[in-house]
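Please open the structure in your viewer and keep the selection panel at hand. The tour goes from one selection to the next.

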Amino acid sequence: MSKTHVLLFPIPMQGPVNCTLKLAELLCLNGLTVTVLNTEHIHRNLLRHTNVLTRFSRYDNFRFETISDGLPDDHPRSTERFVEVFEGMKNVTEPVFKEMMVSGCFSKISKCPVTVVIPDGSYSFALDVADEVGVPVVYFETVSPCALWTYLCLPKLIEAGEVPFSGNDLDVPVKSVPGTEHFLRRRDLPGFYRCDNLTNHIMQTIMNEATHVPRAHGVIINTFEVLDESILVHLRKVCPNIYCIGPLHTLFKSCMAIEPKPVTQMHKSNGSNSLWEENRSCLSWLDTKPAKSVIYVSIGSLAIMTVDQFFEIWHGLVNSGKPFLIVKRPGSVIGDYDDNQVPKVLVDATKERGFIAKWVPQEEVLAHSSIGGFLTHSGWNSTMESIVEGVPMICWPLYVDQQVNSRFVSEVWKIGIDMKDTSDRVIIEKAINDITNVRRNEFIKSANTLAESAAQSVTKDGSSFKDLNRLIKDLNSVS
Ligand code: UDX
């Protein structure tokens, strides 16, 4: 077994857990010893809905470990209460993690000590603990490079008086985020920058965490060079050692195809990491629909919306006349939602040309030939998955990095429409008509060009493939 033992420690959200498990598998396949440390809550859901244990049991160089997130089992862990998750991590997880590292408990289990820690980019406590035990850290930033850049620029934004700001004057241009001066407005900054004073808890946390990023040996990002070159050039001035290994989900498939592994380690690569049970029957429903006709709607794993917002989106879809597939994750619509009170016009249209599921195999849905557009919350993983498949987006960003991601979709990559701050049915209907009809050619052209660049980046000569090999070499050399 390799003497390089990597401990991966993802933040407990679906998107980051998805790509951490993909990275873990890539490292295993390259012979490194890997432990993934999940919160108990995430691990329970993985076991309930996936065959993840069976999949990883093929690797004798892999272990799962779990740690408490400090919250009761029935806590919703939704975006609006994510501050409590951060607090639980600080009060409970942090000291337990320290104890685990100091006592060498990971080495007892896998028979070799941890030689590198790869925590989520927002876990500066892991950096402190690793420093204490003398182990190097490479951060895994699971948000977009453009969002990370706005986090790193926060002190500058504050000094220039551009942050904080209230809900008024959201269209004022932002000047203190180099590389974005021509298109970034206040409304495109991370959601928690919209506040009256600097005591905002999440903003303080993000600012504190961001100051630690340059301390790490390197930073792994789920992107590819061509996509984010205009931001990477600035990021590298602060963190010179960046590994761009995205799109991670396709890099994995590509690595398997380029360098087939021993038969005992081979398996189908599309193993699910879903925290909810997937409704796969939506795929046969999609089979019945014409090419590029269906609008797919999802707001990811944590975001929530009100009943009114949900109905506005639903009306917009129905009024567009297009077939639609909506993910209505349990708990994602808050307020007095009652199936019996859904307007008849929505019920009838849905029977005729709609499909509503609690959770779907999203990568497969986006890859389906009948998908014509993606109405998304602009979470980074959803954005990358859509880019890979060349699917134009209608963005309805809600929190964290989503506001800046959606601005890049519309103004930098020009592969969709940024609805930002509205879910009005008329605007949704118009956006659907734009991406499927009026501006279709324009969006499809840029989306296809980006999809080709994404595919190229994971080939043997591609930038992401090379950066993965550089990462593995570096992990071995610092161990
Ligand atoms: C969170 C934040 O919300 C997001 O802003 C940040 O960029 C990453 O962390 P999340 O809400 O999980 O992410 O959104 P996203 O990053 O888009 O990830 C969602 C994941 O869930 C995707 O990988 C997607 O494929 C998957 N998914 C979503 C499903 O598998 N099925 C579904 O029905 C919906």
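The stops below cover the ligand shell, an open sheet and a pair of helices in this predicted model.

**Ligand shell.** Start by selecting the ligand and its surroundings: 26 residues make up the shell, and the closest are Gly15, Gly300, Gln362, Gly379 and Ser382. Now colour helix H1 (14-29), helix H15 (362-367) and helix H16 (380-389), the elements that each supply two or more residues to this shell. Colouring by class instead gives ten nonpolar, 13 polar and three charged residues around the ligand.

Where does the ligand lie relative to domain 1 and domain 2? Select domain 1 (5-142 + 216-270 + 458-478) and domain 2 (280-437): both give residues to the shell, so the ligand lies between them.

**Open sheet.** Next, select the three strands ordered E5-E6-E7, which pair in parallel. Strand E5 (138-141) and strand E7 (242-244) are the edges; each has a single partner strand, so one side of each lacks a neighbour in the sheet. From one strand to the next, the twist averages 20 degrees.

Zoom in on strand E6 (residues 218-221), which is joined to E7 by three bridges. Ile221 is found opposite Cys244 in E7.

**Helix pair.** Finally, select helix H10 (residues 225-238) and helix H19 (residues 440-457), whose axes come within 9 Å and cross at roughly 95 degrees. H10 is therefore roughly perpendicular to H19. Show side chains for Glu225, Val226 and Leu227 of H10 and for Leu450, Ser453 and Ser457 of H19, which make the contact. By class, these contact residues are three nonpolar, two polar and one charged.

Key: Residues are numbered from 1 along each chain as its sequence is written. This is a predicted model: local features need pLDDT of at least 70, side-chain atom pairs count only at pLDDT 80 or more; totals for chains, interfaces and linings use all residues. A residue is near a molecule or strand if its C-beta atom, placed from the backbone, lies within 6 Å of it. Helices (H or I, at least four residues) and strands (E, at least two) are DSSP runs, numbered from the N terminus. Ala, Val, Leu, Ile, Met, Phe, Trp, Tyr, Cys and Pro count as nonpolar, Asp, Glu, Lys and Arg as charged, and the others, Gly among them, as polar. Domain bounds come from an automatic or database domain assignment. Axes are lines fitted to C-alpha atoms, for helices over the stretch in contact, and angles run from 0 to 180 degrees between N-to-C directions. Angles under 35 degrees count as roughly parallel, over 145 as roughly antiparallel, 65 to 115 as roughly perpendicular and the rest as oblique. Two residues are in contact if their C-beta atoms, placed from the backbone, lie within 7 Å. Two strands pair if DSSP finds at least two bridges between them.
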